[in-house]
There are 2 protein chains.
Amino acid sequence: MNLKELAAHLGLSQTTVSRALNGYPEVSEATRTRVREAAERLEYRPNAAARRLATGRTGTVAIIFPSERSLLLDPHFLDFLAGVAEKLADDDVELTLRATRRNDELETYRRLVRNRRVDGFIVSSPLIEDERVRLLSDLDVPFVLHGRTDTQAPYAYLDIDNEGAFRRATELLVDLGHRRIGLLNGKRELNFARDREAGYLAALAAHGIAPDPGLIVNAAMTEEIGYRNASALLARPQRPTALLAASVLLAFGAYRAARDLGLVIGKDVSVIAHDDGLPFLKAETLDPPLATTVSPIRAGGYRLAELLLARINGNPPEDLREVAPVDLVFRASIGRMLT
Amino acid sequence: MNLKELAAHLGLSQTTVSRALNGYPEVSEATRTRVREAAERLEYRPNAAARRLATGRTGTVAIIFPSERSLLLDPHFLDFLAGVAEKLADDDVELTLRATRRNDELETYRRLVRNRRVDGFIVSSPLIEDERVRLLSDLDVPFVLHGRTDTQAPYAYLDIDNEGAFRRATELLVDLGHRRIGLLNGKRELNFARDREAGYLAALAAHGIAPDPGLIVNAAMTEEIGYRNASALLARPQRPTALLAASVLLAFGAYRAARDLGLVIGKDVSVIAHDDGLPFLKAETLDPPLATTVSPIRAGGYRLAELLLARINGNPPEDLREVAPVDLVFRASIGRMLT
DNA sequence: TTGTAAGCGTTATCAG
DNA sequence: CTGATAACGCTTACAA
C-alpha cells in the first residue's frame, strides 16, 4: 500500500493525501479525517527511502564511537545509549551506531555529513579541547554534546553539574573532619574530570586546605584501576582518610583496596563516589552502602535526544543548553574523621 | 557530485557509470578504470536514499533491544555491539539500534519489516523458546541468532560451546577432588543457561556424582546477585567447595561473599567462571586471578555480522551456523580439594 | 481547497 | 559493450 494506491482508493490526488497526512494547514478537516482513517485502516506506511530522497532529510541520527577508545566501552555508555534509543524510538527516528577506528573519527563524521546520511549527531564524552565540536560546527550540522568543552563554538549541550557535585561531596567530607582527601578521577583530557577536580579544589580552598597533588589521580574508570590507585594512595605514609571517586566502579576497586589493607570503610577510610545509576552495579547494595552524588545517565540520554530533535527542527543551540543538578546521598561508607 | 554530473563529466551515460561502479561484468575494463578513477578523484558518493528507493535494499541492519529487559543492559551487550558495529562499518552497512517496550517487541520487528526499513536483524540472548525466531522465519527476513534455541526454524546462528565449556570446567573441578559444586547460572529461560547447566550435569553424571538441585541457582548476572546467591550457597551446612559462575561479574560477587565468610578463594572455596572478555573487568587481575572458560564476545559480534551479511546476500541459513570453541584458563582461584 | 507535474539520484529493462 | 528511458514512492512548486 503506497501513496498512489491510497490516493486512488480515496479518489484524491497523491498531493492531497500527502498533505493531509503530513498536517499541512490547507487541507479541509473533512478530507483530512477521511484520509487519516483510510490510511489507518489500510495500514499505509510511507516509504522512508522515498521520503528521504524527496526531502533530503533522513530521519536518522548517529552516534559515532571509536571502537578502540576504551572510554566508550564502559558500561555507562550503554545505559546512556538506552536512554537515547528510547526517546528516538518514541519519535520513530532512527538511531545509527557507527564504529570507527581511532584516526578516522573526524573523517567518519565528515563522510556521514557529506553523504547526507544523517540529520544530526550525538557526541559523547567531550574532551576539554574537542575537535569534533569544531568540525561539526564548521560543517553546520545539528549535534548535541553530552557534556561541555572549552572549544569555542555555539553548540547545544546537556551536562550535569560535575563541579557542584564534587564541591558538595568534598565539603561534606571536610565537614566530617577529613583533611587528606584522595581524588580518583577520570582521564585528564575529559572535560567532566576537569570539572570534578575544579569542584574538589574549590571546596578545599573554601576551607583553607592546601591541595596535595599527590592525592589526585587521573585514569580510566575501571574496577582494577580503582583498586590499584586506591591501594597506592592508602599506602602513603600520611594516608588519606577519605576517597572521592568519579564512578561506582572505581569506588568498588577502592573498597577492595581498603579491605586488603585491613581498613574498615566508613571508619578508617571514607569513600564517596559519583553514581550514574547503572542497573547492574548499585551503590546502595555494596557493603557498606556507598555514599554517592547521583544523576542517572540513562535519563540524561533521553533528554539529550529531545534536545537533538529540537536542534534538528531548527531551534538555535543557545536555547538548547541544560545543566542537570546532582543529588547527594549519604550512606554508611562515609563517617566522621576519628581523632 | 552525483551520478548525472559524473556521467556528463566523463561523456558517458549514467547507466554505464553505474554499471562500472557496481562491478557489472559487461563493462569494458578500460572504461571501468576510467570511471573508477574519476569517481575517486571527484569524490563521488552514491546517494544512499536514491539507491534504497531504486533497489529496495536498505543497506541497514537492526538490533532491537527491549529497554526494560535488564538482560540486554548488561555490559556484555555493549561489547557485543562494538564487535557488530566494527564489521558493519567495514562494509559501510548501517547499524540501527531500536529500543522497544516489552510488549511491543514483536510488533517492532513486524513494523520494521513491513516498512522495508532494514535488510536484516541481529537477534541476541535467545530464549529456549523464542517467538522472535518464529516470527522472523515466518516473515522470511534475513536474521542471525546470537546463540541457539529450541524453536523450530531454519535459522542461521553463531553460538559458543556453552555445554562443552561448562562440562570441561566442571570436570576440572571434579578432577581436583570437588564433589559439591555450586552453579551460579543465568536466568532459566535463556538458552545458554540451559546449555551450561547441561554441561555441568553431564560432567557430574560422567563421574557418578548425584546432582544437588539446591546447588543450582538461576538469576540475573550482576555482582550483587552473585554476592547474594554465593552467600546463601556458602552458608549451607554442607557448603559447596567450589562455585561455577556464568559470568565474571557473578564471580566477582562470589569473591565478596567468600571474603565475608572468611573463606580463602582457591583454598577453602574454588571459583571458576565464564569470561566474555570484557575490557573493564578482567578475570586475570582479580585477587586471586580468576580461572575461566573464555570466548571473547566482541569477536563473536564481529563474526555474527559477517554471517548476517552473507545471509542477506542470499546464503541459506543452513550454511551459516557456527559454534565457537571455548578456552579454559587455569588460574589461582581454583585449587585441589583439601581432605 | 485540490490537482498536475516536476523533481530527488539511483538502478533495471530493453534496445542497439 | 553502451545508451535511452522508465521505474522506485514520495514531496513540493505552480496552477486551477
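**Reading the interface and local features of a two-chain model**

User: How many residue pairs are in polar contact across the interface of chain A and chain B?

Analyst: Start with the term. A polar contact is a pair of N or O atoms within 3.5 Å; within protein, one must be able to donate a hydrogen and the other to accept it, and residues adjacent in sequence count only if both atoms are side-chain atoms. Here the rule finds 14 residue pairs across the interface of chain A and chain B, both residues at pLDDT 80 or more. This is a predicted model: local features need pLDDT of at least 70, side-chain atom pairs count only at pLDDT 80 or more, and totals for chains, interfaces and linings use all residues. Residues are numbered from 1 along each chain as its sequence is written, chains are lettered from A and ligands numbered from 1 in the order written, and side-chain values use heavy atoms, without hydrogens and water.

User: Which elements give two or more residues to the side of chain A that touches chain B?

Analyst: Elements are DSSP runs, numbered from the N terminus: helices are H or I with at least four residues, strands E with at least two. On chain A they are α4 (48-55), α5 (75-90), β2 (94-100), α10 (223-234) and α11 (248-260). α5(A) gives the most, with 10 residues. By type, this side of chain A divides into 24 nonpolar, six polar and 20 charged residues. Ala, Val, Leu, Ile, Met, Phe, Trp, Tyr, Cys and Pro count as nonpolar, Asp, Glu, Lys and Arg as charged, and the others, Gly among them, as polar.

User: What area is buried between chain A and chain B?

Analyst: The size of an interface is often given as the accessible area lost when the parts come together. The loss is taken with a 1.4 Å probe and summed over both parts. Between chain A and chain B it is about 4,700 Å², and carbon and sulfur atoms give 56% of that. Contact means heavy atoms within 4.5 Å. Each chain's share is stated: 50 residues from chain A and 50 residues from chain B.

User: How many salt bridges are there between chain A and chain B?

Analyst: A salt bridge puts a side-chain nitrogen of Lys or Arg within 4 Å of a carboxyl oxygen of Asp or Glu. The count between the two chains is 10. One of them joins Glu94(A) to Arg117(B), with the closest N and O atoms 3.1 Å apart.

User: Now a helix. Which residues of α1 of chain B are buried?

Analyst: Buried means under 20% relative accessible area, exposed over 50%, partly exposed in between (1.4 Å probe, protein chains only). In α1(B), residues 3-10, the buried ones are Leu6(B), Ala7(B) and Leu10(B). They share one side of α1(B) because they cover an arc of only 100° around the axis. That arc is taken from the directions from the helix axis to the C-beta atoms. Lys4(B) and Ala8(B), on the other side, are exposed. The buried residues pack against α2 (14-21) and α3 (29-41) of chain B. Just after α1(B), Gly11(B) takes a positive phi of about 70°.

User: Where does Arg116(A) lie?

Analyst: Arg116(A) is in the loop between α6 (105-114) and β3 (120-124) of chain A. It has a positive phi of about 50°, although it is not a glycine. Arg116(A) is exposed, at 60% relative accessible area.

User: What is the peptide bond from Asp287(A) to Pro288(A)?

Analyst: That bond is cis, with omega near 0°. Pro288(A) lies in the loop between β9 (270-275) and β10 (291-294) of chain A. In chain B, a cis peptide bond joins Asp287(B) and Pro288(B).

Technical notes. Buried area is the accessible area (1.4 Å probe) that two parts lose on being put together, summed over both.
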